[in-house]
Amino acid sequence: EQGPGGKLNIDIQNGTLTHGDNKLDNINIGVVFPRLPLLQSNPGQLCTIGALDFGKIKLSDARIQFRIEDEQSVFLEKMRASWCGGKVETGGFTLATNMKNLETTFYCDRLGFTELLAQFGIDKTEGQGSLNGKLPMVISKQGVLFDDGFLFSTPGNSGIVRFTDTKQLRQGIPDINRSAYLDYSMKALGNFEYNWTKLSFNSQNDELLISMQLDGKPAEPLPFGYRNGQIVTSEKGP
């Protein structure tokens, strides 16, 4: 004997979700359950989110295609959002009530170089250029862990970058005041013409380690020279 059945359309508009420093704003969701009482939606359901704020990390205009498989799991078919002037998207993965960890990868396309650095706490940076690559991550109750992520500059898209506050870059470098080579590097980063750059992202315990590689030269000559094969300060020429 078959019980009563039916079809249910759910429409949510202009919703907001807040948890600590995290906030999702302008949430719009449409879901169709075609075979009640079976709690299973059609594929290709759509959720849009106008703004996603995770502390300094800010995304916008997210479009999430999904299907509800049962009362305990949702399959995210595809997610795409705007980030730092570019785009980021993920492949499909399942969200389930019994999951302890969520593993996914952000595929990044033409993210603004200095805008991205600012969102990760490297402030007072100006310049040009965009980055592409992937950021594998594990999300759990303990937070977000990055696993060998990397972003590299768009080929053929060199530019100028200016680190106007190098105190952050000096942290962890020993005896920098006694090293003309490192002093030269810090001054060069004040106005640097790069051919390519690469950022690497890895989590170590509860901290995110960002490694930056830059290939290029100072945009303008600096008052340094060579003595016995070593870089030294010099007022006699570039």
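A: Gly156 is exposed because its relative accessibility is 88% (exposed is over 50%, buried under 20%, partly exposed in between; 1.4 Å probe, protein chains only). This is a predicted model: local features need pLDDT of at least 70, side-chain atom pairs count only at pLDDT 80 or more, and totals for chains, interfaces and linings use all residues. Numbering starts from 1 along each chain as its sequence is written, and side-chain values use heavy atoms, without hydrogens or water.

Gly156 sits in the loop between strand E12 (149–153) and strand E13 (159–163). Helices (H or I, at least four residues) and strands (E, at least two) are DSSP runs, numbered from the N terminus.

Now the charged pairs. The structure has seven salt bridges (a Lys or Arg side-chain nitrogen within 4 Å of an Asp or Glu carboxyl oxygen). Asp123 and Lys56 form one, at 3.1 Å, N to O. This pair links distant parts of the chain, 67 residues apart. Asp123 lies in the loop between helix H1 (113–119) and strand E9 (125–127). Lys56 lies in the loop between strand E3 (45–54) and strand E4 (57–70). Asp123 is partly exposed, at 31%, and so is Lys56, at 44%.

Lys58 pairs with Asp53 at 3.9 Å, N to O. Lys58 has a relative accessible area of 41%, so it counts as partly exposed.

Asp109 bridges to Arg110 at 3.0 Å between the closest N and O atoms. Arg110 is exposed, at 52%. Shared partners also join Arg67, Glu69 and Glu77 into one salt-bridge network.
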